[in-house]
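Please view the sequence and the structure together, then read the points below.

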Amino acid sequence: MAGRRAALKAIDWLAFAERVPPNQRAIFNGLKTRSDAIAAKLSSLPEKPAPIDWSFYKSAVANSALVEEFEKKFSALQVPEPVDTQTTKIDAQEQEANKSAEAYIAASKERIHRFEFEDMIPFDQMTIEDLNKVFPETKLDKEKYPYWPHKPIADL
């Protein structure tokens with residue numbers, strides 16, 4: 001059954017719950033409840049549907065030729081199962097995203113290391129010059145932008 005194969009990809013609800021902000025917990029709990037209800041309904045269904053008792057319909061319906069025609073058409077019916085063409089693309093995107101996430105983590109660790117100042121003057125004792133020396137991006141360019149806020153408006 002195609003639904004069973006789709007259900008094989010289980011959701012890691014604990015990892016999912018860790019990423020849900022507190023203000024969205026109720027929505028998350030509703031999603032999990034609904035997902036569990038659908039999964040329970042799916043697992044309660046048989047693997048194969050019950051076979052049709054054509055002899056009962058032939059005896060119950062006045063026109064048995066009609067039932068035979070339905071039986072012939074039903075046995076000839078082939079429901080095509082969709083071909084999975086996207087999983088490989090999704091897996092490739094996931095690997096690419098993991099690589100970019102690892103690069104981002106490495107860059108973040110480098111930035112954290114760069115901004116760690118053991119010998120930095122405490123903020124309450126810093127002057128503006130000390131602040132500009134430690135954090136050069138805070139320095140205002142009063143020559144290029146003589147009027148307050150001494151920055152281009154687009155940078156605000």
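Asp36 is partly exposed, because its relative accessible area is 36%. The model is a predicted one. Asp36 takes part in a salt bridge with Lys32, and the structure holds 3 salt bridges.

- In the pair formed by Lys32 and Asp36, the closest N and O atoms are 2.9 Å apart.
- Both residues belong to helix α3 (residues 25-44), where they stand 4 residues apart, about one turn of the helix.
- Lys32 counts as partly exposed because its relative accessibility is 27%.

- Glu71 and Lys58 meet through their side chains in a salt bridge of 3.3 Å, N to O.
- Glu71 is in helix α5 (residues 64-76) and Lys58 is in helix α4, so this pair ties together parts that are 13 residues apart in sequence.
- Glu71, at 26% relative accessibility, counts as partly exposed, and Lys58 is partly exposed with a relative accessible area of 31%.

- The side chains of Lys73 and Glu69 form a salt bridge of 3.1 Å, N to O.
- Helix α5 contains both Lys73 and Glu69, 4 residues apart, about one turn of the helix.
- Lys73 counts as exposed at 52% relative accessibility, whereas Glu69 counts as partly exposed at 37%.
- In general terms, side chains of opposite charge can pair when their charged atoms come close.

**Nonpolar surface patch**
- Ile52, Phe56, Tyr57, Val61, Phe74, Leu77 and Val79 make a nonpolar surface patch of about 680 Å².
- One of these residues, Tyr57, lies in helix α4 (residues 54-60).
- Tyr57 has a relative accessibility of 39% and therefore counts as partly exposed.

**Buried residues with polar contacts**
- Ser108 is located in helix α6 (residues 87-115).
- With a relative accessible area of 16%, Ser108 is buried, and its side chain makes a polar contact of 2.9 Å with the side chain of Arg111.
- Asn132 has its place in helix α7 (residues 128-134) and counts as buried because its relative accessibility is 18%, a value under the 20% limit for buried residues.
- The side chain of Asn132 is joined to that of Thr138 by a polar contact of 3.0 Å.
- Apart from neighbours within four places in sequence, Asn132 is in contact with Thr138 and Lys139.

How values were computed
Residues numbered from 1 in each chain as written. Predicted model: local features only at pLDDT ≥ 70, side-chain atom pairs only at ≥ 80, totals over all residues. Heavy atoms only, no water. Helix = DSSP H or I, 4+ residues; strand = E, 2+ residues; numbered from the N terminus. Buried < 20%, exposed > 50% of the residue type's maximum accessible area, 1.4 Å probe, protein only. Polar contact = N/O pair within 3.5 Å; in protein donor to acceptor, adjacent residues only side chain to side chain. Contact = heavy atoms within 4.5 Å. Patch = residues over 30% accessible without salt bridge, like charges linked within 9 Å, V, L, I, M, F, W, Y side chains within 5 Å. Areas by Shrake-Rupley, 256 points an atom, 1.4 Å probe, with all protein chains shown as cover. Salt bridge = Lys/Arg side-chain N within 4 Å of Asp/Glu carboxyl O.
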